[in-house]
Amino acid sequence: MNFVMVLREISEIVAKAVWTEFKVKTAPQISYAEPKFGDFATNISFELAKTLKQNPKQIAEGIASNIKHPQIEKASSVGGFVNIVVAESYWVDCLKKIKPGYGQSKPRKGQKVQVEFISANPTGPLTLGNARGGYLGDVLSRVLDHAGYKTTSEYYFNDAGTQISKLVESVKHQAGIIKASQVEYQGKYIEELASDLKNELKSRSDEDLAGILTKEVSRRYIKEAITRMGIEFDEWFNEKSLISSGELEKALELLRKKGLTYEKDGALWLKSTDYGDERDRVLQKSNGDVTYLGTDIAYHLNIFEHRRFDRAIKIWGADHAGQVPSLNLTMKRLIPDCRLDFVIVQWVRLVQGGKEVKMSKRAGSFVTVDELIDEIGSDVARFFFLMRSATSHMDFDLSLAKEQSQKNPLFYVMYSYVRAHSILAQAASKQLKPSNSLERLNTTESELVKYMTRLPDLISEIAESYEVHHLSFFATQLAKKFHDLYESERIIDLNQETAECKLYLIQQYITFMEILFNIIGVTPIKKMEPKV
């Protein structure tokens, strides 16, 4: 039977039983159950008790008695919950369905999604905060792709405005061309730019220098770091293009026509308090400079009206959280059906021995992405950032990240993959080959397979919640189950038929982990010698 039993399908089976018994249409919430109760459970009886005016236990018993399916071994009522036990043969069938692309949904029509992340100003190197948001955005894009969405990952360059003028001023001051009372940007990278571009700094206008410096900063300190992070953007969008194309002015004019602006003290203001904001916001200053909000509105009109995205997800740092309400409220006013979602990434500190680490050589007061990758590598950095919810503050444990043993969470997960390869290699030396004639699983094996089958539902959940940290938890728990299996018996010492059937499970685990590693964005390692 070609039946992949995930939460959605279980929900349909339970819903059918509810209709059969009570003639009520519903979409039950299904969850994975603790092993002693079954494989799946639902609290639908408690929900129905409100309308049916019956005892939840009686309702659960009625539902359980009507759950009929070839691959459901048992349905019962425990404390008012409906618990479901799946037939053992089902888990074997699930194991055989694992292949490249497992858990991947078919392309979804009308589900064009933009994920914008990092988008640091081209005024300096990427920092720890940029790394956290960068890895999050990349993994979320991978998840959305796996979930069947047409996903575009995008970097938005703020390459216009006062911050670029301050960059020019800072570099010229460092080169001794001008004397500034206070410089905005400092550090080794400013010294490098001042030294390498000394001729241009003397001969070119500030307008030309703005373009030259932003390109150099982007190339040297942003794009190269992003490549080292293992991130490939589909689009690089420049703020300047909104100005040169006239889209920015059209956006401001649209706001005027809709009566959403007014002028005061020579500046253009948005009447954002009229639709829920805590205060009105400046769109264009009296000197003509357009604020971040002004260009952000033009940018998001481009996203939804010009490029026709169905959803846009913004991965922003905590320092930009204050801009979210005004932008969101304005876009809802201009395009009521647009879906604009935000993930606000909180601060991160690099700590060692409980104390904050200051290891920057290039940037003065902050740690760069390059420095972190030099210390621990990109894959470890990626996995560690994924271990905490982006919406909570994080202390990044440098000592643990440097640990090349099973104490390091990524090494612990990777070592399960290494062990699986080792088993197959040892088996091959004894002329043993995996056989898909497997018919039964013992308890430890079935627990491993059951956990692997959670991936499709997890992908669907993250595609809506954006909580990518659940992937690292999933990987760690799955690895634990494999390590338990590894320690439980020595497969290659079993008789040939039994050993080859069990080797098939090992082979399928390798395939599954390669799928999971690809979604997370880390490179599988087949051999390693961890210190236990």
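1. Two strands pair if DSSP finds at least two bridges between them.

2. A note on the basis. Residues are numbered from 1 along each chain as its sequence is written, and side-chain values use heavy atoms, leaving out hydrogens and water. The model is predicted: local features need pLDDT of at least 70, side-chain atom pairs count only at pLDDT 80 or more, and totals for chains, interfaces and linings use all residues.

3. S6 and S7 run parallel and are joined by 4 bridges. Tyrosine 155 has tryptophan 236 in S7 as its bridge partner.

4. The structure holds 23 aromatic pairs. Rings of Phe, Tyr and Trp (its six-membered ring) pair if their centres lie within 6.5 Å; planes under 30 degrees apart count as stacked, over 60 as edge-to-face, the rest as tilted. Tyrosine 155 and phenylalanine 233 make an edge-to-face pair, 5.5 Å centre to centre with 90° between the planes. Tyrosine 155 lies in strand S6 (residues 150-157), phenylalanine 233 in the loop between helix H9 (206-228) and strand S7 (235-238), so the pair ties together parts 78 residues apart in sequence.

5. Phenylalanine 233 also pairs edge-to-face with tryptophan 236, at 5.1 Å centre to centre and 65° between the planes. Ring pairs link Phe117, Tyr155, Phe157, Phe233 and Trp236 into a cluster. How exposed are its members? Buried means under 20% relative accessible area, exposed over 50%, partly exposed in between (1.4 Å probe, protein chains only). Tyrosine 155 is buried, at 0%. Phenylalanine 233 is buried too, at 10%. Tryptophan 236 is partly exposed, at 32%.

6. H9 has 23 residues and should span 33 Å at 1.5 Å a residue; its end C-alpha atoms are 31 Å apart, which agrees. The expected span is 1.5 Å times one less than the number of residues. H9 bends by about 40° at arginine 219. That bend is the angle between axes fitted to the seven residues ending there and the seven starting there. Just after H9, glycine 230 takes a positive phi of about 80°.

7. Strand S8 (residues 261-264) and strand S9 (residues 267-270) pair in the antiparallel sense, over 4 bridges. Threonine 261 stands opposite leucine 270 in S9. The S8 and S9 hairpin has 2 residues between its strands, and aspartate 265 there takes a positive phi near 55°. S9 also pairs in the antiparallel sense with strand S10 (residues 281-284), over 3 bridges. Tryptophan 269 has valine 282 in S10 as its bridge partner.

8. Two charges sit over rings, by this test: NZ of Lys or CZ of Arg within 6 Å of the ring centre and within 35 degrees of the ring normal. The charged end of lysine 264 is over the ring of tryptophan 269, 5.9 Å from its centre. That of arginine 311 is over the ring of tyrosine 149, 5.0 Å from its centre.
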